Amino acid sequence: MLATLLTKAAAVPTALLIALSGQAAAPHQPPGIDPDAPVITRDDIVIHAPLIRVWNIQTDVDAWPTWQPDVTEAAKQTPGPLRKGSVFVWSVNGLQNITSTVKQARPGHRIVWGGPAQGITAVHVWTFRQERDGVHVHTEESWSGAPVESDTANLQAALDASLDAWLHNLKATAEN
């Protein structure tokens, strides 16, 4: 009888055995930047304001032009709060009509968006963590595509400067 059970068990897919045994499968990897992209920027800042305030400012896409001088236009195309699948169109630093799609939204914790813009594929991750000294905001963004490969040094410098300015503008807005 044991031999029969073992023979049948060998034919059962591993995933089913794991499910039946109550063991969890490997955790789903959250969306993130392209680690192989030629341009990647990571930056951090601590903001002395309530987490909900920082989150609300960052995710109010329509208001970006009021506190981000480099953002000339921004409009959500999907009603309601940003969530997975939400789409917004914006213009920044001469890039017009960028269409970004939210890939993940964990309110108050993490938001990931991305999409193509003039041959560049961008993925942007924001994480927010309440700490004793304020809200720690971490951002990272990757750019890939033919324009990036043909001018990596200049586009790396542009993305570095852009994210640094964004974080400092977010901080100034949230702390006022």
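The exercises below concern a predicted model.

**Exercise 1.** Determine which element gives the most to the lining of the largest pocket.

*Solution.* Begin with the pocket itself: the largest pocket holds about 350 Å³ of space. Its lining consists of 22 residues, and Trp90, Val92, Leu95, Glu141 and Trp143 lie nearest the centre. Next, list the elements that supply two or more lining residues: β3 (87–92), β4 (95–106), β5 (110–117), β6 (120–131), β7 (134–144) and α6. Of the contributors, α6 gives the most, with six residues. Finally, sorted by class, the lining has 15 nonpolar, six polar and one charged residues.

**Exercise 2.** Decide whether glutamine 156 is buried or exposed, and state what it touches.

*Solution.* First locate the residue: glutamine 156 belongs to helix α6, which spans residues 152–175. The cut-off for buried is under 20% relative accessible area. Glutamine 156 has 19% relative accessibility and therefore counts as buried. Leaving out residues up to four places away in sequence, glutamine 156 touches Pro38, Val39, Ile40 and Thr41.

**Exercise 3.** Identify the side chain that a polar contact joins to that of histidine 138.

*Solution.* Histidine 138 is part of strand β7. Its relative accessibility is 17%, so histidine 138 counts as buried. Setting aside residues up to four places away in sequence, histidine 138 touches Arg42, Asp43, Asp44, Val125, Trp126 and Thr127.

Methods
Residues are numbered from 1 along each chain as its sequence is written. This is a predicted model: local features need pLDDT of at least 70, side-chain atom pairs count only at pLDDT 80 or more; totals for chains, interfaces and linings use all residues. Side-chain values use heavy atoms; hydrogens and water are left out. Helices (H or I, at least four residues) and strands (E, at least two) are DSSP runs, numbered from the N terminus. Buried means under 20% relative accessible area, exposed over 50%, partly exposed in between (1.4 Å probe, protein chains only). Contact means heavy atoms within 4.5 Å. On a 1 Å grid over the protein atoms alone, a cavity is a set of points where a 1.4 Å probe fits but cannot get out, and a pocket is an open set with protein on both sides within 12 Å along at least five of seven lines; lining residues have an atom within 4 Å of a point. Grid points are joined across faces, edges and corners, and a volume is the space filled by probe spheres set on the points. Ala, Val, Leu, Ile, Met, Phe, Trp, Tyr, Cys and Pro count as nonpolar, Asp, Glu, Lys and Arg as charged, and the others, Gly among them, as polar. A polar contact is a pair of N or O atoms within 3.5 Å; within protein, one must be able to donate a hydrogen and the other to accept it, and residues adjacent in sequence count only if both atoms are side-chain atoms.
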